[in-house]
Amino acid sequence: MATSPRETMLARIRQAAAGGVSQAERRKAVAARLAEHPKGIVPARGQIDREGRVALFTEMAGRAGARVQRIATYDALPGAVADWLRAANLPAEVIMSGDPRLAAAPFETTALSIRNGASDGSDLTGLSHAEGAIAESGTLVVLSGPDNPNSLNYLPDNHLVALSADDVEGAMEPFWQRLRMHYGEGAMPRSVNLITGPSRSADIEQTLLIGAHGPRELVVFLIG
Amino acid sequence: MHLTSPSFKENSARALADAPLQRALAKVPLGFIDKRRAAADALPEFEALRDKAVEIKNHALKHLDLYLEAFAEKVEAAGGTVHWAADAEAARAIVLDLARKRGAKSVTKSKSMISEEIELNDFLEQNGIQPVETDLGEYIIQLRHEHPSHIIAPAIHVNRDQVEADFRRAHADLDPQRDLSDPRSLLAEARQVLRRRYGEADMGITGANFLVAETGSAVIVTNEGNADLTQLLGKCHVVIASIEKIVPTLEDASQLLRVLARSATGQDMSVYTTVVTGPKRAEDLDGPEEFHVVLLDNGRSAMLGTEFEEALRCIRCGACMNHCPVYQTIGGHAYGWVYPGPIGAVLTPSLIGVEDAAHLPNASTFCGRCEEVCPVRIPLPKLMRHWREREFERHLQPAPMRWGLGLWAFAARRPALYRWGTSLVAPLLSRMAGKKQRFSSLPLAGGWTKGRDLPAPEGKTFMQQWAERRSAAGKAKA
């Protein structure tokens, strides 16, 4: 009987990798690591209190070229978005994610024209809601899903992101734990987007240029 | 890609005489080296994270079959499909089959070294499918019909004015009077042209930096965002990755991510690190309808359990080549295959055979900088030495080199003879060198003296000087 490519490849790897250790023992080691997912070394930099994390995130995101604006409440968000667009001389049009926190914000009090859904690439400005952020590196964590179409992160020239200050963690690891709690062990949303600054390329003579395929501007509205 | 490793010596000579290439290469050390240093220094845990990275990769390699099985199970649970490719031919056939099933006419691609390794672009073109590279550097070299000369900066050998000329040639439908003198206008033009291509593509192919066994996810890292657009807009997302990209858990991937970007570009994190798992969910508003992972072996399992296994820890950051004096001098194309620099000098003989790659492990001064900066501490000089030993065992070196090594080995095993011999030759060479104490030419050393002078020995051997200093020190004490 002919064996499948899968079986042939796995058999060859097994033989080379096992190094005399019994299969039962190897299986045990693998099962343990997958179940325990040991953390390893988490830099001390982000292991600080809430305000410290918010300050560190703001600093690190700024260093990566993002703009961070802190506002007190979700009620202040629509105005802040409208002000930013006006200051940047952009049309008052936004494609917005369906996140309930955004849906509940009083956008009707502004002159903004809001559209919901996925972007077809013609939108200048997108607004999504982050799951949280990583202070250690100034990184936003944005999950795909019906509420946050992935295209909003990448297609519009200007990516605006709402972020609750309570969701700023010190490191990446707490988010893996959160995802396990929410989706179950070993399950994930289609895409977890870790975003650190606006898109860039240094492929021409190593000159760093902002605004490659993704957004040219990344603006974070940090709430609370 | 066309293999030219056997003519490494001629390739290098050509590279040295290539003025635009030398102009481009002069910039390599300026950017990468200082940025890596600064990023590493700014993180107190960096060295400990490197140790952790080594531990994780070693553990994953020791249990590779089991983690691959776990990975495949999770991919399928998320609605994706895993394809197993023992070699390049199998991988190409799988990708072509997927493209044909979707009736694909064009595919977008995000930078992937595996794609280079399996020569995917040429193959797709031969079969009537247009591959479109979307990473700016890859796009540039695709227009130039070249191959990457660096694993993370594929167009590092190209100068701005050359890119401008290529764009004017390739984008003939745009206004010929447009100003492209600023690199920013080149980037904007590529962005505009490629946006259209994303929309036309029926399939998007990306590589992967890591595959996570725990979740069946591919972790894809870019600065441009092109991998995200490739998978998002392509309707069918195909990940091509080699088997050693597996890590056990998301936490393990996080440890490696902390050393990857710092070692590569000196960033704390690359702009986009995306963890993708399966196709678009039923309730999602966007994303690909299909998700496939092609797992490629292509010679890697033969490295497991050998002294070359350590090279499979490589996370493709490019630090070894950035810091290599040989790479800095000749660039990546001279190495003649997919992977240049020190890691290429170790991987190429493993993957295509040492007969064709015999020069590469010899193209090193063994200065050790590559090993010093490697985030996963691959002992690159040691592995190159292993290849040299194998070359000697298999009589792959030219006869004069073998005789020379044989003669040296004979003497080196007989210390008295060795000392006697060197004590005769050292003063002789010193006298021959005259007042300058340097040779501008010397028989049998033409390869060295053609480019620089050979300093002459100072007249006495190390052992003689050592004995004299010891006895002088003894007298001084007494």
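In strand β12 of chain A, A:Ile223 is the bridge partner of A:Ile71. Strands here are DSSP runs of E with at least two residues, helices are runs of H or I with at least four residues, and both are numbered from the N terminus. A:Ile71 belongs to strand β1 (residues 67-71) of chain A, which runs parallel to β12(A) and is joined to it by 5 bridges. Two strands pair if DSSP finds at least two bridges between them. Strand β7 (residues 158-164) of chain A also runs parallel to β12(A), with 7 bridges joining them. In that pairing you can look for A:His159, which stands opposite A:Leu218.

Before going on, please note that this is a predicted model, where local features need pLDDT of at least 70 and side-chain atom pairs count only at pLDDT 80 or more, while totals for chains, interfaces and linings use all residues. Residues are numbered from 1 along each chain as its sequence is written, chains are lettered from A and ligands numbered from 1 in the order in which they are written, and side-chain values use heavy atoms, leaving out hydrogens and water.

Is strand β12 of chain A buried or exposed? Buried means under 20% relative accessible area, exposed means over 50%, and partly exposed lies in between (1.4 Å probe, protein chains only). For β12(A) (residues 217-223), 7 of the 7 residues are buried, so the strand is largely enclosed by the rest of the structure. The side chains point two ways: A:Glu217, A:Val219, A:Phe221 and A:Ile223 go one way, A:Leu218, A:Val220 and A:Leu222 go the other, and all are buried.

Now step back to chain A as a whole. Chain A has 7 helices and 12 strands, and 55% of its 224 residues count as buried. Its radius of gyration is 22 Å, whereas a compact globule of 224 residues would have one near 17 Å. That radius is taken over C-alpha atoms, and the globule rule is 2.2 Å times the number of residues to the power 0.38. Along the principal axes, the C-alpha atoms of chain A fill a box of roughly 70 × 45 × 40 Å.

Chain B has a strand to explore too. Strand β10 (residues 290-296) of chain B is mostly covered, with 6 of its 7 residues buried. Strand β1 (residues 81-85) of chain B pairs with β10(B) in the parallel sense over 5 bridges, and here B:His83 has B:Val294 as its bridge partner. Strand β7 (residues 236-242) of chain B pairs with β10(B) in the parallel sense over 7 bridges, with B:Cys236 opposite B:Glu290.

Where do the two chains join in a sheet? An open sheet of 8 strands has mixed pairing and the order β8(A)-β5(A)-β6(A)-β9(A)-β9(B)-β6(B)-β5(B)-β8(B). Its edge strands are β8 (168-169) of chain A and β8 (246-247) of chain B, each pairing on one side only. Strand β9 (residues 191-195) of chain A and strand β9 (residues 272-276) of chain B run antiparallel, joined by 5 bridges. There, A:Leu194 stands opposite B:Thr273.

Finally, visit two loops of chain B. B:Arg377, in the loop between α17 (369-373) and α18 (380-393), has a positive phi of about 45 degrees although it is not a glycine. B:Gln437, in the loop between α20 (415-433) and β11 (438-439), has a positive phi near 55 degrees and is likewise not a glycine. B:Arg377 counts as partly exposed at 27% relative accessibility, and B:Gln437 counts as partly exposed at 26%.
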